Structures are given as C-alpha cells and as structure tokens.
Amino acid sequence: MSESSFFSRQIKEFVQSHPQEEGWQVFEIPARVSLHYSFHYLLDFLRDRHPDAMKRRSAVKIVAEEELAWALECDHHAEIETARDARRELDGTDWFGLVHIEWMQRPIHIVRLLLFTGQGYTDVLHVAIKSNVAFRRLVEALNAYERSRRKVEARKIEVVNGDDIPIVPVGWDEIVLPSGLTEAIRRNVEAFFQSEDRYRALGIPYRRGLLFAGPPGCGKTLMLKALAYHSAAHIITVLGKADVEDGNIDRALRSAGAQAPSIVFFEDLDKLVGSKNISLSHFLNILDGFKTLNGVMVIATANEPELLDPALLYRPSRFDRVWTFPLPEMEQRLALLRKRGGAYFSDAALDNAARRSQGFSMAYVQEIVVNALLESAHNGMAPSDDDLRRSLDALRSQRKSASRKMDSLVEEESVGFAVSNRARG
C-alpha cells in the first residue's frame with residue numbers, strides 16, 4: 001500500500017466513524033493554521049492544565065530538543081525510580097496520532113497525520129466536533145497555554161525591582177524534606193493551575209496564597225526554585241532590597257494579573273513587611289484586592305513567622321495554607337549526606353555525621369560534605385572519612401561560638417511553626 005493511499009484510508013475511516021446524522025462536524029485544518037492556533041502543544045496542554053479532559057490517546061509526541069538533552073544529561077545524583085528519574089513525560093513541540101477530548105461536556109476528536117508531498121513531509125489535522133462553541137473555547141485555552149509556555153521557555157523570573165533571574169533546573173528529588181511535604185506542595189500548586197474550570201463552577205475566586213515558614217537553610221528557597229522550573233506559569237518576584245516600596249508590590253501583582261497564569265514570590269516576607277518603605281495596611285489591602293486577579297498564586301517565605309502580623313496568617317483570603325519547613329530530623333540529614341557524599345565517604349561515617357549534626361539546617365548539613373571535599377582537595381588527597389569528621393567538628397564548633405541568643409532562637413524554631421505558636425500562648 002502506498003503512503004498516499006494509507007493516508008486516504010485513515011482519513012476516510014476517521015470521517016466514517018463520525019457520521020453527520022449523529023451530530024458530528026468533520027473538517028480539515030491546514031498545517032499553517034494548525035500551527036497558528038497552537039495545536040502542536042495539544043498533548044502538553046492537556047497534561048499540564050486539563051488531564052481529565054483526555055478521554056483517549058493514540059498519539060506519539062515529538063520531544064523538544066532541550067527536554068531530550070535534559071533526559072540524556074549525566075546526573076550522578078539521580079537513581080532509578082526517584083522522582084527525577086521517573087519524571088512525567090517530556091515536553092513536546094509536536095505530535096501525531098489520535099486524541100479524544102471532552103470539553104465543556106462536548107466531545108472533540110482530533111487526528112493528526114504525516115503526508116509526504118514530494119517536497120518533504122507536512123502534517124494534516126482533521127477535527128470532529130459536535131459544538132462550535134466548545135471547540136472555540138478549547139482553541140482559546142490552547143492559545144493561552146502557548147503564550148505561557150513561550151514565557152517559561154525563556155527561563156526567566158521577572159523581577160519588578162531589579163534584573164530578571166534565569167530559571168535553573170531543579171529536580172524534585174534534590175529537595176530533602178520530611179516525608180510527604182514536597183509531594184503535598186507540588187500537588188497543591190499543580191492542582192491549582194489545572195482547576196480553573198472547577199473554581200468557576202463553584203463560584204470561588206481563582207487565586208491562592210501559600211506561606212512557607214521555618215528557620216533559614218531548610219529548603220524554602222530551593223522549593224521556590226523547583227516550582228519555578230517545573231511550573232508553566234509566569235514567575236514574578238520582588239527583591240527584598242533596602243529601598244523596596246509599596247509600588248513594587250503593586251507592580252508585581254498587576255504584572256501577574258496581566259500575564260496569568262502566574263506565581264508571585266515574596267521571599268523573606270517577615271523582613272519585607274518590616275521594611276521602612278512598606279506599609280503593612282497597604283500590603284494587606286493589596287492581598288485582599290488580589291483575589292480578583294484570576295489565575296494568580298502568591299507564595300511567600302518567612303524565617304520568623306511569629307513576627308508576622310496575625311492579619312496575614314489567619315485570614316484565608318491572604319494565605320490559605322501555611323507549610324512548615326522544620327530543621328531536619330536524623331532521616332533527612334542522613335538522606336542529604338548520602339546524596340552529596342555517598343560517592344566519597346563510608347556509610348558508617350555518614351551515619352555518624354547525621355547523628356552528630358542535630359540542630360543543623362539542611363544548608364549546614366550540606367556544608368559538612370562541601371567542607372570535607374574542599375579540605376581534601378587543598379591537601380591534594382582523596383577524600384577520607386577523617387575529612388568528614390574534621391569538617392563536622394569545625395561546623396559544630398562554629399555553631400557553639402554563636403551567641404546564646406541565636407542558639408536559643410534556632411532551638412525554639414526547630415519545633416515547628418504551629419508548636420512554637422502554642423508555646424507562646
């Protein structure tokens with residue numbers, strides 16, 4: 001069978017399976033029109049925004065070049081069946097095959113095939129629908145997804161009071177937190193951007209606010225970086241400079257609303273709202289008005305959440321969820337030490353370091369390995385367990401030399417945000 005006859009048979013079968021007497025309309029979309037209306041991103045769009053709309057898929061994706069490079073990169077930290085290894089399917093730039101969708105409770109069936117014309121391959125897309133309105137709404141949502149996708153491909157965080165920041169790759173397995181915390185945060189953020197229709201159906205403002213609270217060095221910033229890398233939303237932030245002012249906050253939220261779906265990061269919120277040029281009442285009013293901005297999520301971090309005004313914490317229209325990032329327990333310390341130092345030090349030495357680093361933040365735990373490797377490199381020797389022990393002793397001594405006030409603060413925060421609030425009465 002020739003390629004042209006195979007192509008003709010496939011189209012004939014598609015048309016015959018959608019008879020007009022059953023209410024189907026079948027039409028062809030030329031390649032240039034298909035590209036203009038973003039159909040090449042259809043599979044990624046359904047995966048990222050509306051997974052429940054996909055009813056059948058017999059299609060193959062053409063993987064984006066940068067995604068293929070990511071999958072083939074040499075990552076010595078990743079292990080089989082970790083989150084980074086078993087990542088969701090790679091992003092694509094095009095696809096071919098058959099997809100059945102249900103949109104606005106109406107079926108939409110799309111088949112995309114390759115045709116060799118003698119001057120190369122071109123793609124031909126056929127669509128079967130029962131509602132013009134539903135199809136138009138699908139195309140509008142697909143175009144909005146492509147706009148957000150192109151913003152993410154630039155890999156930049158928009159900074160309203162400084163230079164934009166490149167988005168760097170961060171795998172989910174690079175974040176070592178108490179069991180279930182990373183997945184819970186990830187699920188909440190992803191579910192928000194996939195649930196616009198549900199919010200509207202329930203009459204709920206399509207916005208969300210999250211607060212990450214806990215002592216420095218416990219993974220809050222790394223979590224923000226991972227969310228920025230993995231989210232298709234536009235990312236905006238305000239740098240906590242000495243001259244930060246109310247206008248910077250206004251611009252961040254206006255920009256977020258104009259470029260939704262968006263995430264706004266307010267890092268070190270406890271310091272930000274304490275700045276001399278920031279009015280707390282103005283900030284609170286902005287967050288209250290923010291609920292009218294559809295498709296915008298605000299994520300803030302705070303090292304000392306007990307310093308925040310209760311009006312920020314206990315009013316759901318501002319921050320719906322508070323996630324606590326505590327100082328790591330033995331299990332998390334050992335996991336991080338093995339991840340960073342497993343190739344250089346014995347398991348017994350790593351276990352000992354984990355047990356003797358009680359009260360260390362994740363950043364401090366990682367520094368145990370970094371210091372040990374640097375010492376061995378300076379001495380021109382291979383890393384040894386003695387290097388790890390000396391590094392730990394040096395960091396323990398450094399912590400002990402800190403002021404009594406700072407030590408007591410770390411100990412108090414280590415019990416977690418909710419507990420420390422109860423302790424304060």
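## Helix H8 and its buried face

Lys220, Met223, Leu224, Ala226, Leu227, Ala228, Tyr229 and His230 are the buried residues of helix H8 (buried is under 20% relative accessible area, exposed is over 50% and partly exposed is in between, with a 1.4 Å probe and protein chains only). That makes H8 a mostly covered helix, with 8 of its 11 residues buried. Helices and strands here are DSSP runs numbered from the N terminus, helices being H or I with at least four residues and strands E with at least two.

A quick note on the ground rules: this is a predicted model, where local features need pLDDT of at least 70 and side-chain atom pairs count only at pLDDT 80 or more, while totals for chains, interfaces and linings use all residues. Residues are numbered from 1 along each chain as its sequence is written, and side-chain values use heavy atoms, leaving out hydrogens and water.

## The chain as a whole

Zooming out, the chain holds 18 helices and 12 strands. It runs to 425 residues, and 46% of them count as buried. Take the contacts (heavy atoms within 4.5 Å) with a separation of 6 or more: 76% of those join residues 24 or more positions apart.

What does isoleucine 185 touch, once neighbours within four places in sequence are set aside? Its partners are Phe212, Met223, Leu227, Trp323 and Phe325.

## Cavities and a pocket

There are 4 cavities of 30 Å³ or more in the structure. On a 1 Å grid over the protein atoms alone, a cavity is a set of points where a 1.4 Å probe fits but cannot get out, while a pocket is an open set with protein on both sides within 12 Å along at least five of seven lines; lining residues have an atom within 4 Å of a point. Points are joined across faces, edges and corners, and volume is the space filled by probe spheres set on them. The largest cavity contains about 190 Å³ of space. Of its 15 lining residues, Glu190, Phe193, His230, Ser231 and Ala232 are the closest to the centre. H3, H6 and H8 each give two or more residues to that lining, and H6 has the largest share with 4. By class, the lining splits into 7 nonpolar, 3 polar and 5 charged residues (Ala, Val, Leu, Ile, Met, Phe, Trp, Tyr, Cys and Pro are nonpolar; Asp, Glu, Lys and Arg are charged; the others, Gly among them, are polar).

The second largest pocket has a volume of about 530 Å³. It is lined by 25 residues, and Arg49, Ala141, Ala144, Glu196 and Arg200 are the closest to its centre. Helices H3 (42-49), H5 (132-153), H7 (196-202) and H9 (246-258) are the elements that give it two or more residues. H5 gives the most, 6 residues. The lining is made up of 10 nonpolar, 7 polar and 8 charged residues.

Tryptophan 95 sits in strand E3 (residues 92-103) and counts as buried because its relative accessibility is 1%. Beyond four places in sequence, tryptophan 95 touches Phe39, His40, Leu42, Leu43, Ala59, Val60, Lys61, Ile62, Ile110 and Arg112.

Serine 376 belongs to helix H15 (residues 362-378). Is serine 376 buried or exposed? It counts as buried, because its relative accessibility is 3%. A polar atom of its side chain lies 2.8 Å from the backbone oxygen of leucine 373. Not counting residues up to four places away, serine 376 touches Met381, Ala382, Pro383 and Asp387. Asparagine 294, found in the loop between helix H11 (280-290) and E11, counts as partly exposed because its relative accessibility is 44%. Leaving aside neighbours within four places, asparagine 294 is in contact with Tyr206 and Ala260. The C-alpha atoms of asparagine 294 and alanine 260 are separated by 7.2 Å, though the two are 34 residues apart along the chain.

How values were computed: A polar contact is a pair of N or O atoms within 3.5 Å; within protein, one must be able to donate a hydrogen and the other to accept it, and residues adjacent in sequence count only if both atoms are side-chain atoms.
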